[in-house]
Amino acid sequence: RACCVLALMRTDKLLCALLRDDASGASRPVVILEILDADFFQLRATRCVAIDPHRLLPDQEQAERWRSEFTAHGLWETFGAAARQIHKTVFGTDCVNPEDDYSTYVVPLDAAAADFPWRDIGRRRSKETRRGEQHDAVYTPQLALTPVATFGDDEGEEAGEYRSDGGWISVSAGRPYVPPHLSLEEATQRLRRHMPNGWYEPTV
């Protein structure tokens with residue numbers, strides 16, 4: 001059964017997935033995380049929803065142990081901490097850029113898919129520091145106040161309904177995520193503070 005979270009690129013829970021190709025070449029979620037606190041450019045409290053729901057990993061006995069361990073873990077303080085710990089356990093390395101490597105599935109609400117600014121997604125870049133290293137932070141201010149829906153299965157088996165009018169975007173490119181409790185005026189003020197002159201300044 002699929003759940004739909006309505007958003008203005010804002011949501012009180014944001015499902016995202018680390019995708020891997022299955023035998024047919026189709027992209028499938030191998031790790032599904034839920035970001036419970038997405039606040040503009042900060043991605044904090046996160047839980048694990050599913051590990052390898054499509055049975056892509058070669059050792060399914062081990063995968064089952066990981067499912068039990070990580071879905072019962074509770075909350076990680078940040079999205080990055082969750083993604084790195086799980087990645088190190090499952091893939092043997094914490095060399096992962098969660099914001100870039102994880103994706104979320106979005107569907108436009110107030111515009112036809114053909115009119116949605118897909119080509120603008122992730123086109124804007126600023127430098128930010130992650131774990132002491134400089135990275136290009138991609139983001140899409142055009143989406144910040146754009147009504148979208150994100151889809152995910154409430155049983156944790158799927159990360160998206162894969163509707164034809166939606167598409168996968170990186171978690172980074174979907175930023176800034178506007179908290180749902182903010183009014184339009186408050187959201188606009190916060191956007192201006194985070195992005196003076198329309199550009200993200202991580203030190204602000």
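This note goes through the model point by point.

1. Basis. This is a predicted model, in which local features need pLDDT of at least 70, side-chain atom pairs count only at pLDDT 80 or more, and totals for chains, interfaces and linings use all residues. Residues are numbered from 1 along each chain as its sequence is written, and side-chain values use heavy atoms, with hydrogens and water left out.

2. Confidence. The mean pLDDT (the predictor's confidence in each residue, from 0 to 100) is 81 for the chain. A score of at least 70 is reached by 82% of the residues.

3. Overall make-up. The chain has 5 helices and 11 strands. These are DSSP runs, numbered from the N terminus: helices are H or I with at least four residues, strands E with at least two. Of the 204 residues, 49% are buried. Buried means under 20% relative accessible area, exposed over 50%, and partly exposed in between, with a 1.4 Å probe and protein chains only. Among contacts between residues at least 6 apart in sequence, 64% join residues at least 24 apart.

4. Main core. A nonpolar core is a set of buried Ala, Val, Leu, Ile, Met, Phe, Trp, Tyr and Cys residues joined through side-chain atoms within 4.5 Å. The largest one has 24 residues. Val31, Leu33, Ile35, Phe79, Ile86, Tyr102 and Val171 have the most contacts inside it. At least two core residues each come from strand S2 (14-21), strand S3 (27-35), strand S6 (46-51), helix H1 (60-71) and helix H2 (79-91). H2 gives the largest share, 5 residues.

5. Second core. A separate core of 11 residues includes Phe40, Phe41, Leu182 and Leu191.

6. Val171 and Ser103. Leaving out residues up to four places away in sequence, Val171 touches Cys16, Ile35, Leu43, Phe79, Glu99, Tyr102, Ser103 and Tyr177. Ser103 belongs to strand S7 (residues 102-108). Its relative accessibility is 13%, so Ser103 counts as buried. With the sequence neighbours up to four places away again left out, Ser103 touches Leu15, Cys16, Ala17, Leu19, Trp168, Ile169, Ser170 and Val171.

7. The whole structure holds 6 aromatic pairs. Rings of Phe, Tyr and Trp (its six-membered ring) pair if their centres lie within 6.5 Å; planes under 30 degrees apart count as stacked, over 60 as edge-to-face and the rest as tilted. Phe41 and Tyr139 are edge-to-face, because their centres are 5.5 Å apart and their planes lie at 80 degrees. Phe41 is in the loop between strand S4 (38-39) and strand S5 (42-43), and Tyr139 is in strand S9 (residues 133-139), so this pair ties together parts 98 residues apart in sequence. Phe41 and Tyr200 are stacked, at 3.7 Å centre to centre and 5 degrees between the planes. Tyr200 lies in the segment after helix H5 (184-194), so its pair with Phe41 ties together parts 159 residues apart in sequence. Phe41 and Tyr139 are buried, and so is Tyr200.

8. Charge over a ring. The charged end of Arg20 sits over the Phe91 ring, 5.1 Å from its centre. The rule asks for NZ of Lys or CZ of Arg within 6 Å of the ring centre and within 35 degrees of the ring normal.

9. Cysteines. There are 0 disulfides, taking a disulfide as a pair of cysteine sulfur atoms within 2.5 Å. Cys16 is buried, at 0% relative accessible area. Cys95 is exposed, at 65%.

10. Backbone to check. Most residues other than glycine have a negative phi, and most peptide bonds are trans. The peptide bond from Arg175 to Pro176 is cis, with omega near 5 degrees. Pro176 lies in the loop between helix H4 (171-174) and H5. Phe40, not a glycine, has a positive phi of about 60 degrees. Phe40 sits in the loop between S4 and S5 and is buried, at 0% relative accessibility. Arg55 also has a positive phi, near 60 degrees. Arg55 is in the loop between S6 and H1 and is partly exposed, at 48%.

Definitions and conventions:
Contact means heavy atoms within 4.5 Å.
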